[in-house]
Amino acid sequence: AASLRPKTDNDEYINSELPVFLMNYIKKKRVNVRLIHLSSINTLKNELKDNYTLSKKKAEQKLTEKNVTIIRLPLIIKINKEKVIENCGQISIFFKYLKIPILFYPMIFPGNIYTPLDIKKLLNFTNEIIEGKKNNKIYNLLGKDKVNTFEIFKKIATNQNKKVIKINFGMFMKFL
């Protein structure tokens, strides 16, 4: 469970306190269970101060037991057999945007840089942890390719035969 845009105390609890509660519950019950905490690769970037990253970092600092594995995740995408990005997860906003009936779709260029990970690879990796094939406490997962927001959006739009134009905010910032 996670709140990607934590705003309330409940959201904060889910991201930073619930994993600690689960860890302590397992410890108290003395059951031989491994807690797998899905975190964010952004916790490694000290310059990021958004609520989500800070709440995940807070949880990581408190998850100290040996039976806890932390998996820091990048952007997760789903790619089908035809190597097409599917409408799933955080990038679903791009698919919603492309449903608006306009002639072309402006998109920020270059945007954030990601190393997206296919969900199938994440599932295989998690299964290896569950099966005991991996025993580290912390894993930092990344996809194999670096791409920016514009590149991801353009791949999705091109697959839907939609036209995309770049909006370079860097050019506008020079005039301010």
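How do the residues of the lining of the second largest pocket divide into nonpolar, polar and charged? The model examined here is predicted, with local features needing pLDDT of at least 70, side-chain atom pairs counting only at pLDDT 80 or more, and totals for chains, interfaces and linings using all residues. Residues are numbered from 1 along each chain as its sequence is written, and side-chain values use heavy atoms, with hydrogens and water left out.

The second largest pocket has nine nonpolar, three polar and eight charged residues in its lining (nonpolar: Ala, Val, Leu, Ile, Met, Phe, Trp, Tyr, Cys and Pro; charged: Asp, Glu, Lys and Arg; polar: the others, Gly among them). A pocket is an open set of points on a 1 Å grid over the protein atoms alone where a 1.4 Å probe fits, with protein on both sides within 12 Å along at least five of seven lines; lining residues have an atom within 4 Å of a point. The volume of this second pocket is about 560 Å³ (the space filled by probe spheres set on the points, which are joined across faces, edges and corners). Of its 20 lining residues, I77, I79, K144, D145 and K155 are the closest to the centre. Helix α5 provides the largest share of this lining, four residues.

Turning to the largest pocket, its volume is about 1600 Å³. L4, Y52, P74, L75 and Q90 are the closest to its centre among 49 lining residues. Strand β1 (35–40) gives the most to this lining, six residues (helices are DSSP runs of H or I, at least four residues, and strands of E, at least two, numbered from the N terminus). This lining holds 30 nonpolar, twelve polar and seven charged residues.
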